[in-house]
Amino acid sequence: MEADASVEMFSKVLESQLLQTTKLVEEHLDSEIQKLDQMDEDELERLKEKRLEALKKAQQQKQEWLSKGHGEYREIPSERDFFQEVKESKKVVCHFYRDSTFSGNLMDPPFQSQKKNFTKLEKKTIRGKKYDSDSDDD
């Protein structure tokens, strides 16, 4: 009995809160609709120009990314080219691989199907502590 009463009370509180939230959202939408209805031609034109400018900026960014090689999957021939590629972009996915291992070539098809800036670099190309060409460690 007591459990039913607490469930009923919880339901009523939840219903009340939901009703209040719905009323607030409705009031907000009504005020936005009223604001749009009261806009004159000049305000609508400014809104249209602002949106058009945002679309132009997005298109310009897309063209810039395409010019930097985004959307391509390609092999980078040298360490110098690798660092140049990485410096030019905020985000790069690089697939380090070895021709001597089967698993190194498994990632080619998934990367090729993506529209991001993916690069491929054979592990022996970069020399240093972590990517020593004499080491067989992965």
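User: Let's start with a single residue. Which strand holds His-95?
Analyst: His-95 sits in strand E2, residues 93-97. Keep in mind that this is a predicted model.

User: Is His-95 buried or exposed?
Analyst: His-95 is buried. Its relative accessible area is 7%, and the cut-off for buried is under 20%.

User: How far is His-95 from Glu-75 in space?
Analyst: Their C-alpha atoms are 9.1 Å apart. In sequence, the two are separated by 20 residues.

User: Zooming out, how many helices and strands does the chain have?
Analyst: There are four helices and three strands. Along the sequence, the pattern reads α-α-β-α-β-α-β.

User: What share of the chain is buried?
Analyst: Buried residues make up 16% of the 138 residues. The chain exposes about 11800 Å². Carbon and sulfur atoms supply 54% of that area.

User: And contacts, what share comes from residues 24 or more positions apart?
Analyst: That share is 63%, counted among contacts with a separation of 6 or more.

User: Switching topic. How many salt bridges are there?
Analyst: The count comes to one. Glu-32 pairs with Lys-35, and the closest N and O atoms are 3.5 Å apart. In general, side chains of opposite charge can pair when their charged atoms come close.

User: Where do Glu-32 and Lys-35 lie?
Analyst: Both are in helix H1, residues 2-37. They are three residues apart, about one turn of the helix.

User: Why do Glu-32 and Lys-35 count as partly exposed?
Analyst: Glu-32 counts as partly exposed because its relative accessibility is 31%. Lys-35 does so because its value is 47%.

User: Which residues make the nonpolar surface patch?
Analyst: Leu-36, Leu-44 and Leu-47 make it. The patch covers about 260 Å².

User: Tell me about Leu-47. Which helix is it in?
Analyst: Leu-47 belongs to helix H2, residues 41-67. Leu-47 is partly exposed, at 43% relative accessible area.

User: How many residues does H2 have, and what is its reach?
Analyst: H2 has 27 residues. From first C-alpha to last, H2 reaches 39 Å, close to the 39 Å expected at 1.5 Å a residue.

User: What comes just after H2?
Analyst: Gly-69 does, with a positive phi of about 100 degrees.

User: Last topic, confidence. What pLDDT does the chain average?
Analyst: The average is 77, and 71% of the residues score at least 70.

User: Where does pLDDT stay under 50?
Analyst: Over residues 123-138. For that stretch the model has 21 contacts beyond four places in sequence. Where pLDDT is low, the predicted coordinates should not be read in detail.

Key. Residues are numbered from 1 along each chain as its sequence is written. This is a predicted model: local features need pLDDT of at least 70, side-chain atom pairs count only at pLDDT 80 or more; totals for chains, interfaces and linings use all residues. Side-chain values use heavy atoms; hydrogens and water are left out. Patches are made of residues with over 30% relative accessible area and no salt bridge: like charges are joined within 9 Å, nonpolar side chains (Val, Leu, Ile, Met, Phe, Trp, Tyr) within 5 Å. Accessible areas come from the Shrake-Rupley method with a 1.4 Å probe; for residues, only the protein chains shown count as cover. A salt bridge is a side-chain nitrogen of Lys or Arg within 4 Å of a carboxyl oxygen of Asp or Glu. Helices (H or I, at least four residues) and strands (E, at least two) are DSSP runs, numbered from the N terminus. Buried means under 20% relative accessible area, exposed over 50%, partly exposed in between (1.4 Å probe, protein chains only). The expected span of a helix is 1.5 Å times one less than its number of residues. Contact means heavy atoms within 4.5 Å. pLDDT is the predictor's confidence in each residue, from 0 to 100.
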